[in-house]
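Good morning, and thank you for coming.

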Amino acid sequence: MNKQIVLLVCYCFLSVYCCRWFKDITISAKDKENRSFNQTINSCIERVAFGGQTAKEIYVRHQAITSLGKDSVRNLIWLQTISFWGCPIVHITSKLFRNVPRLKNVQISYGNVKEIPRGAFEELPAMELLRIHNNQIDVIEDLAFANLVSLKSIQADSNKLEHWNREWFTNTTKLEIMNFQNNKIRTIPRRAFASLTNLRQIHFDHNEISIIHENAFEGIEYLVYLGLRSNRLKEIKLDMFPNQIRIKSLLLDSNYLNFLANEVLNKISAKDVTLDNNPWKCPCLDRIAYWVYKNNGTIRASSECAGGRIPVCAYPSTFSQTCLEHVDEDVTKKYLKNLKSLDPPLPEYCVLPD
Ligand SMILES: *[C@@H]1O[C@H](CO)[C@@H](O)[C@H](O)[C@H]1NC(C)=O
Ligand SMILES: *[C@@H]1O[C@H](CO)[C@@H](O)[C@H](O)[C@H]1NC(C)=O
Ligand SMILES: *[C@@H]1O[C@H](CO)[C@@H](O)[C@H](O)[C@H]1NC(C)=O
Ligand SMILES: *[C@@H]1O[C@H](CO)[C@@H](O)[C@H](O)[C@H]1NC(C)=O
């Protein structure tokens, strides 16, 4: 071996310009005047690679890139948008960016990224939108999204996360939109959003959430969107909400809910609610409908899984006209059995797993 490697190492050690992340990739870009151009990149995406041209937007699509590392993108003072899309990126390190003071939109999507290390998105003072959806992310290190002073929206949906951690967002207080749909998240922890005072949209639909810990929604008074559709919730407990909360769209369809307690209904007001595909006890569903009506809200049929054939509620075996506020596994079983026995059968994604 390895004269070549030794030489390369020496060269890299000596030269501040050494950068080895990209080899012969083609990007498309727009300059300050919105003129499109294509560019071949070796080494880094950086000013010297563009000659005299400015780069305001950079799109890297379907290029053979498996890693992004330190300073992958640097010294581009006009850059506002960078998007890696459909590149088989598995590994990213910390400090991917340097000296990109105007970079607002960052995307690494439709790749194979497994882990987000701490500091990956450091030195992005202007970043407002971070999209890392449709990867294989199952680990996010502590503080991975901390101190992102301009971040308003994170789209981390369609990954493989089982845990969600509020510490990721330490000091990232401008966040308005949090999207973790389509993961495998199981719990929402205590005081999950307490320091995110600007949060308006929480998208946790299509996960495996069965537990929302007490005070999870502490500090939140108004949300435009709270999506809990298609999870494993059996109960919405009073202690999740230490305060009154107003919600524009509240999505609760496709869970295992039998009832919503009166005290819970009194704490929440919602305008647009989805309920279907839950094993509601029929008297409890009536009460919820009345609550929606009182709030001048509407119940919206949620999805392709709602509609004429699908039962909306079930009666407990000991008949009761009032809503008994406890989880009733028998009602749930009865309801699920009913769903499964429909003929012709429902699409599989409409049938809650036992
Ligand atoms: C470039 O496009 C953006 C968005 O379409 C527009 O707001 C801006 O004025 C354009 N800039 C120039 C120099 O044409
Ligand atoms: C850049 O490359 C793409 C794909 O090869 C091509 O369709 C497009 O016209 C090119 N754009 C410019 C401005 O040359
Ligand atoms: C959060 O911000 C405070 C105040 O600027 C600072 O003291 C603290 O170290 C920051 N936390 C982290 C984890 O960076
Ligand atoms: C519902 O609408 C009525 C009539 O417009 C109004 O009097 C009432 O205050 C509204 N209630 C709520 C909870 O918004």
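**Ligands and their surroundings**

The shell around ligand 1 holds three charged residues, one polar residue and no nonpolar residue. In this classification, Ala, Val, Leu, Ile, Met, Phe, Trp, Tyr, Cys and Pro are nonpolar, Asp, Glu, Lys and Arg are charged, and the others, Gly among them, are polar. This is a predicted model, in which local features need pLDDT of at least 70 and side-chain atom pairs count only at pLDDT 80 or more, while totals for chains, interfaces and linings use all residues. Residues are numbered from 1 along each chain as its sequence is written, chains are lettered from A and ligands numbered from 1 in the order in which they are written, and side-chain values use heavy atoms, with hydrogens and water left out.

Which residues surround ligand 1? They are K32, E33, N34 and K56, where a surrounding residue has a heavy atom within 4 Å of the ligand. In the side chain of N34, an N or O atom is 2.4 Å from an oxygen atom of ligand 1. Ligand 1 alone exposes 360 Å², of which the protein buries 26%; such areas come from the Shrake-Rupley method with a 1.4 Å probe.

Let us turn to ligand 3. Its surroundings are L143, N147, T170 and N171, that is, one nonpolar, three polar and no charged residues. An oxygen atom of ligand 3 is 2.8 Å from an N or O atom in the side chain of N147, and for the side chain of N171 the corresponding distance is 2.2 Å.

Finally, ligand 2 has S36, F37 and N38 around it.

Terms used: A polar contact is a pair of N or O atoms within 3.5 Å; within protein, one must be able to donate a hydrogen and the other to accept it, and residues adjacent in sequence count only if both atoms are side-chain atoms.
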